[in-house]
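Here's a quick tour of the model you have open.

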Amino acid sequence: MSETRGLRGLPRPVAAVVGGGGVLGAAHVGVGYALEQCGFVPDLIVGTSVGALTGAIAAAHPDSAAPWLDRVWSRLRRRDVFPLGYPRSRASLCADGGLRRLIAEAGLPARIEQLPVPFTAVAMDLVTGAETRLDHGGLESALLASAAIPGILPPVVRDGRTLVDGGLIAYVPVRAALQAGAASVVVLSIGPESWPLRPVTTRRRAGAIAARAGLLMFHHQIERDLHEVSRDIPTVVLPTGIETWPAPWDFGHARRMIRTASAAAGAFIDRLHVSGPGLYRVDAPPLPLVSEASP
């Protein structure tokens, strides 16, 4: 393909890929504003975990999802998603009633096939460990399965399979988008796992050690998948511009993340030039734009 500017010239079909990240998903809203402002509408959407819920809403309202999500994230609190207390079963610390209410209030159809934009939610089969792509059938159960953090939210039994959070196997589900037929992808990836890692001295405490190990695990998974897919198709990773991320249970930073991500993604899109398969992204905040595509 010849060089194109922005997102309009990306090869079709183009997929929007929405990664996981829990509370950090507020940044998706800011990136969504930037995409809507430049008139970008994907041909298909693939999402994992909180990105599956964001992606389903975008698929249902392809021209106006960001304002709706903005209102939701601006008033969302921990107890709305992770209500602590006596669980409904031994399978999880929290019941999924809050997440069910969010889905019910989102104006979504009952089945995935009814969405205006083709949509896939990614989950993991708890028995086999396989990546499971949910692109038909009941939408609510697909979103609950994709977001079922093991031990925190209950797993979902669907078509005889026990499914949990897709972020465990595809934190940024670009491979699922390629397998669905995408000729290019626009990636909404959030959190410190998505940036080149800086060397740090980890405190010798259980929590700090576990957090660093999890960060490394997800980072290497994301990098592997991005580089694998970018060998075949243009892979554009939109930045958030966020350098300081809140704790996973802290819902009080939504407005800051939305504003920052909207500005950073918009500026990136304005400067973007795509010239074929490759990985197009900002290396790390606040470094300048770098294209890793072949000349």
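## Cysteines

A search of the whole structure turns up zero disulfides, a disulfide being a pair of cysteine sulfur atoms within 2.5 Å. Keep in mind that this is a predicted model, where local features need pLDDT of at least 70, side-chain atom pairs count only at pLDDT 80 or more, and totals for chains, interfaces and linings use all residues. Residues are numbered from 1 along each chain as its sequence is written, and side-chain values use heavy atoms, with hydrogens and water left out.

For accessibility, buried means under 20% relative accessible area, exposed over 50%, and partly exposed in between (1.4 Å probe, protein chains only). Cys-94 counts as buried because its relative accessibility is 2%. Cys-38, at 23%, counts as partly exposed.

## Charged pairs

Side chains of opposite charge can pair when their charged atoms come close. Here a salt bridge is a side-chain nitrogen of Lys or Arg within 4 Å of a carboxyl oxygen of Asp or Glu, and the whole structure has ten of them.

| Salt bridge | Closest N and O atoms |
|---|---|
| Asp-96 with Arg-100 | 3.1 Å |
| Asp-225 with Arg-224 | 2.8 Å |

Helices (H or I, at least four residues) and strands (E, at least two) are DSSP runs, numbered from the N terminus.

Is Asp-225 buried or exposed? Asp-225 is buried, since its relative accessible area is 2%. Salt bridges with shared partners tie Glu-131, Arg-133, Arg-175, Arg-224 and Asp-225 into one network.

As for the Asp-96 pair, Asp-96 counts as buried at 10% relative accessibility, while Arg-100 is partly exposed at 33%.

## Strands around β4

Strand β4 (residues 119-125) is mostly covered, with seven of its seven residues buried. Two strands pair if DSSP finds at least two bridges between them.

- Strand β3 (residues 44-48) runs parallel to β4 over four bridges, and Val-46 has Thr-120 in β4 as its bridge partner.
- Strand β5 (residues 131-134) pairs with β4 in the antiparallel sense over four bridges; Ala-121 is bridged to Leu-134 in β5.
- Strand β7 (residues 161-165) is also antiparallel to β4, over three bridges, and Met-124 stands opposite Val-164 in β7.

The β4 and β5 hairpin has five residues between the strands, and Gly-129 there takes a positive phi near 80°.

## The largest pocket

On a 1 Å grid over the protein atoms alone, a pocket is an open set of points where a 1.4 Å probe fits, with protein on both sides within 12 Å along at least five of seven lines; lining residues have an atom within 4 Å of a point. The largest pocket holds about 1,300 Å³ of space. Of the 40 residues that line the largest pocket, the closest to its centre are Leu-24, Tyr-171, Pro-192, Glu-193 and Pro-248.

Which helix gives the largest share of the lining? That is α9, with seven residues. Both α7 (167-170) and α9 (206-230) supply at least two residues each.

Technical notes:
Points joined across faces, edges and corners; volume = space filled by probe spheres on them.
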